[in-house]
Amino acid sequence: MIEKRLGLFGGTFDPPHLGHVAALSAAWASGRFDSLLVTVAREPYFKTAQRAVSPSELRMQMAHVAFDSLDGVTVSDMEIRRHGATYTIDTVRELASSTCQVELLIGADTAESLSTWHEADQLAELVTVGIFPRRGSPPEVSAPWRAHVFDMEPVDLSSTALRDEDRAGRDISALLPPGVIALWRASQR
Ligand code: ATP
């Protein structure tokens, strides 16, 4: 019998922003979960191949500040403690059991690439998928994934856009959860 329904929200969080907060709030409001787990990827291999990602310790600190106060949410360092490339299938294998059903929580942009993930077929057997709408990306995945879409207005924010704005000298503090900007600015000095 399933005793725990867990929503797993993994990411790079470089930096965490109000789009992530809105997504976690919509997931919790859906009533589908007993708890939500945020995991910070130590080595998001598809991103580190393209650009320098901030140190995992900083991203972990920012995730705590951003998400610790949200209902139902726990921030975990389990992907930081693992060495090598971060694969979601490894995280799910640690968490899923006969009594714990894991739902993978992803934005619609991520849904597009889900089938290219490491051991995607095995992952599709272990999890259901909850998709957050994001503008410009269809909130869909095809079989064998079992998916549904959360009821929320898309929030037009991404870490990439925020890093770009910040580099251009614009003030991004209002788009980050309280407290994140201080850590982010200190890291950019
Ligand atoms: P980047 O722009 O650097 O790729 P990101 O803003 O997409 O970053 P990530 O840390 O890579 O943030 O994302 C973690 C998860 O959060 C992913 O599944 C992503 O699709 C989702 N996500 C990010 N921003 C939003 C948003 N505005 N609304 C809903 N989901 C989001």
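Predicted model: local features only at pLDDT ≥ 70, side-chain atom pairs only at ≥ 80, totals over all residues.
I started at Asp 109, which counts as partly exposed at 31% relative accessibility.

Next I looked for the partner of Asp 109. The side chain of Arg 134 meets Asp 109 in a salt bridge, 2.9 Å from N to O. Arg 134 sits in the loop between S5 and strand S6 (147–149) and Asp 109 in helix H6 (residues 108–111), so this pair ties together parts 25 residues apart in sequence. Arg 134 is partly exposed as well, with a relative accessible area of 26%.

Then I went to strand S4. S4 runs over residues 100–107, and seven of its eight residues are buried. I checked its neighbours: strand S1 (residues 4–11) pairs with S4 in the parallel sense over five bridges, and Gln 101 in S4 is the bridge partner of Arg 5. S4 also pairs with strand S5 (residues 127–132), parallel again, over six bridges. There I found Leu 104 opposite Val 129.

What does Glu 103 bond to? I found a salt bridge with Arg 32, the closest N and O atoms being 2.6 Å apart. Arg 32 is in the loop between helix H1 (18–29) and strand S2 (35–40), 71 residues away from Glu 103 in strand S4. Glu 103 is buried at 3% relative accessible area, while Arg 32 is partly exposed at 35%.

Last pair for today: Arg 82 and Glu 94 form a salt bridge with closest N and O atoms 3.2 Å apart. Arg 82 lies in the loop between helix H4 (78–81) and helix H5 (88–95), and Glu 94 is in H5, twelve residues apart. Arg 82 has 18% relative accessibility, so I logged it as buried, the cut-off being under 20%.

My count for the model came to eleven salt bridges.

Notes:
Residues numbered from 1 in each chain as written. Heavy atoms only, no water. Buried < 20%, exposed > 50% of the residue type's maximum accessible area, 1.4 Å probe, protein only. Helix = DSSP H or I, 4+ residues; strand = E, 2+ residues; numbered from the N terminus. Pairing = 2+ DSSP bridges. Salt bridge = Lys/Arg side-chain N within 4 Å of Asp/Glu carboxyl O.
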